[in-house]
Amino acid sequence: MKLIIENANILNGHGEQELSRIAIEDGLIVSIERSTEAGTSVDDTTQVLDAKGRLVTPGFIDMHVHLREPGFEHKETIETGSRSAAKGGFTTIACMPNTKPVTDNPETVRLVKEKGNAAGLVNVLPYAAITKSELGRELTDFAALKAAGAIGFTDDGVGVQNAQMMKDAMKLAASLDMPVIAHCEDNSLVEGAPVAEGEFARKHGLKGIPNESEAIHVGRDILLAEATGVHYHVCHVSTEQSIRLIRQAKEIGIHVTAEVCPHHLLLSEQDIPEPDANWKMNPPLRSKRDVEACIAALEDGTIDILVTDHAPHSAEEKAKGMQLAPFGIVGFETAFPLLYTKFVAEGRWSLDFLVGRMTADPARVFGLSTGKLEPGAPADLTIVDLEQERVVDPETFASKGRNTPFTGWKLKGWPVATIVKGKLVWSE
């Protein structure tokens, strides 16, 4: 199958956009040429897609998502999550193992991969658990999980509380040249707390989650990563203290990378309007100072990549209120418009910078072949209408989840088509 994308506005790496023609064959980009008015002669085996001067980028990559299957299909399935990802312009997504059963065995890893392939939408990469059932008591069989297709090890959703367990995990992962991806949270400091320490918690009589609950694990794990030589990746960084530790670790050459979510760059705990569980996520929304620290850390490279932590829940679960509802918000379908509107359109970031943090950088951090717009690269592409402006309406989401704090926000820069392995998998 051949595909030609005409009138594609691509970033040339020098902060400029060029109108180009992209030729795709057998799932790979075969050529990128400047557009000419003459157009292209094609045969019956070639599909032509006119981008009409819209931005065409490498497909977005999200290395932290929750697809909920197996076990929580009322929240999301691999198919609905993949469709939501495609609608948000994502072509590769890495799903967390806190399913039911937990993805802690080769059979479940293979199941996730098979269901991702069967959906036929985006590339679905499974993480496997560090410990059996994510209970922190016994390591999983890392070698067997890698052989089954796991791309890294994480107990996301809970922090590994035992330092010896984490050190053993890092040693084993390092021996297999695999990363450890850490949800950093000291349980002794967070039990029963639904929001961050701060003004909102005090006003509503809620126990607060302190910044140090995250940073204590970050500091501990950095020392363990130094001792073991593992690639250590910090999930959803949200505090100034964590950033300070990560920055110091990078300066002395420890192999640590980190990610941040759009909501931790755009919202603080002072923005929460009322005890509405659509504003409840883990890590929680922190102070304005933490938000600015996260933005600065992404800008200076201390934080490497952007992720969504897409975490769908049912309306009934979120209706239980701030104290009892589960943590998490959906993120696929609003991520790029949020960041484009608030940072690029307002002049703080270049378009190159935003696209890089969502494509080339996650591919670099995790050794993926995607994230490039060049001949020979996989034809995973996203087409974005930078001028299209519309209001966030959860009822239009492809995800089963409607849990977002961004309802009603007017945003620009919406993905309008997504191509995976040369196939158009979603189009507006």
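1. The model is predicted, so local features need pLDDT of at least 70 and side-chain atom pairs count only at pLDDT 80 or more, whereas totals for chains, interfaces and linings use all residues. Residues are numbered from 1 along each chain as its sequence is written, and side-chain values use heavy atoms, with hydrogens and water left out.

2. Threonine 92 lies in strand E7, residues 90-95 (strands are DSSP runs of at least two residues and helices, H or I, of at least four, numbered from the N terminus). Threonine 92 is buried, with a relative accessible area of 2% (buried means under 20%, with a 1.4 Å probe and protein chains only). Leaving aside neighbours within four places in sequence, threonine 92 is in contact (heavy atoms within 4.5 Å) with residues including Phe60, Asn123, Leu368 and Asp380.

3. Helix H2, residues 106-119, has 14 residues and reaches 20 Å from its first C-alpha to its last, close to the 20 Å expected, where the expected span is 1.5 Å times one less than the number of residues. Its buried residues, Pro106, Thr108, Val109, Val112 and Gly116, pack against helix H1 (78-87), E7, strand E8 (123-126) and helix H3 (142-148). Glycine 120, which follows H2, has a positive phi near 65 degrees.

4. In the largest nonpolar core, which has 95 residues, Tyr232, Leu265, Phe336 and Trp349 touch the most other members (a nonpolar core is a set of buried Ala, Val, Leu, Ile, Met, Phe, Trp, Tyr and Cys residues joined through side-chain atoms within 4.5 Å). Helix H11, residues 335-344, gives the most to this core, with seven residues.

How values were computed:
Buried < 20%, exposed > 50% of the residue type's maximum accessible area, 1.4 Å probe, protein only.
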